[in-house]
Amino acid sequence: MIVPNLLVTDDDSAFRRVVCEGLVRRGFQVSEASDGDEALDVIRKRRVHLALVDVHMPRVTGLDLMRQLVDTPDRPACVLMSAELDEQIRREAESMQAYQVLSKPIRLNQLCDVVLGALIDVYGWSPSKPR
């Protein structure tokens, strides 16, 4: 894996845009989806290594998305995010092996640190060294 493929799924288009732009500036390939249904479509069409997923979205929620990915070959690691995080959401996410559960608001630097940690822990990936 030379450049990981990331997927940012959030119904807040401004948040999604900021996160996508920040990750692209850091050298990642990034796709985006406005809800879990769109995210499933992206994951079916291309390899996604890490999905950053909002919990509360219309149509298919972040937790619903994770449930549907359980038996998916090459299932991406998932980081769940929520402005309304509670222990039930946290427990459910952990039972579905979410890499991490983050409370919004999230600073872009914090999110990028989590992305790097997930890619290192799950795939053994390391950023290429500048020449």
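The model, which is predicted, contains an open sheet of 5 strands in the order β2-β1-β3-β4-β5, with parallel pairing. Its edge strands are β2 (29-33) and β5 (100-103), each of which pairs on one side only. On average, and with direction ignored, neighbouring strands of this sheet are turned by 20° against each other.

Strand β1 covers residues 5-9. Of its 5 residues, 5 are buried, so β1 is largely enclosed by the rest of the structure. N5, L7 and T9 point one way from the strand, while L6 and V8 point the other way, and all are buried.

On one side, β1 is joined to β2 by 5 bridges, and the two strands run parallel. Here V8 stands opposite E32 in β2. β1 is also joined to strand β3 (residues 50-54) by 4 bridges, again in a parallel arrangement. In this pairing L7 stands opposite A51 of β3.

## Strand β4 and its neighbours

Strand β4 spans residues 77-82. Burial takes in 6 of its 6 residues, so β4 is largely enclosed by the rest of the structure. Both of its faces are covered: A77, V79 and M81 are buried on one side, and C78, L80 and S82 are buried on the other.

Between β3 and β4, which run parallel, there are 5 bridges. One of the residues involved is L50, whose bridge partner in β4 is A77. The pairing of β4 with β5 is also parallel and has 4 bridges. In β5, L102 is the bridge partner of M81, and S103 is the bridge partner of S82.

## Connections between strands

β1, helix α1 (residues 13-25) and β2 form a right-handed β-α-β unit. A right-handed unit is also made by β3, α3 and β4. From β4 the chain crosses through helix α4 (residues 87-95) to β5, and this β-α-β crossover is right-handed.

Helix α2 (residues 36-45) lies across β1 and β2. The direction of α2 is at about 165° to that of β1.

Two packed helices are described by the angle between their axes and the distance between the axes. For α2 and helix α3 (residues 62-69), the angle is about 30° and the axes are 9 Å apart. Angles under 35 degrees count as roughly parallel, and α2 and α3 are therefore roughly parallel to each other. The crossing of α2 past α3 is right-handed. Where they meet, α2 contributes G36, A39, L40, I43 and R44, and α3 contributes L65, Q68 and L69.

## A loop residue: D74

Where is D74 placed? D74 sits in the loop between α3 and β4. Is D74 buried or exposed? Its relative accessible area is 54%, and a residue counts as exposed over 50%, so D74 is exposed.

Leaving aside neighbours within four places in sequence, D74 is in contact with R47 and V48. D74 and V24 are 50 residues apart in sequence, and their C-alpha atoms are 23 Å apart in space.

Definitions and conventions:
Residues numbered from 1 in each chain as written. Predicted model: local features only at pLDDT ≥ 70, side-chain atom pairs only at ≥ 80, totals over all residues. Heavy atoms only, no water. Pairing = 2+ DSSP bridges. Axes fitted to C-alpha atoms, helices over the stretch in contact; angles between N-to-C directions. Contact = heavy atoms within 4.5 Å. Buried < 20%, exposed > 50% of the residue type's maximum accessible area, 1.4 Å probe, protein only. Right-handed = clockwise from strand over helix to strand, strands pointing away. Parallel < 35°, antiparallel > 145°, perpendicular 65-115°, else oblique. Left-handed = near helix turned anticlockwise from the far one by under 90°.
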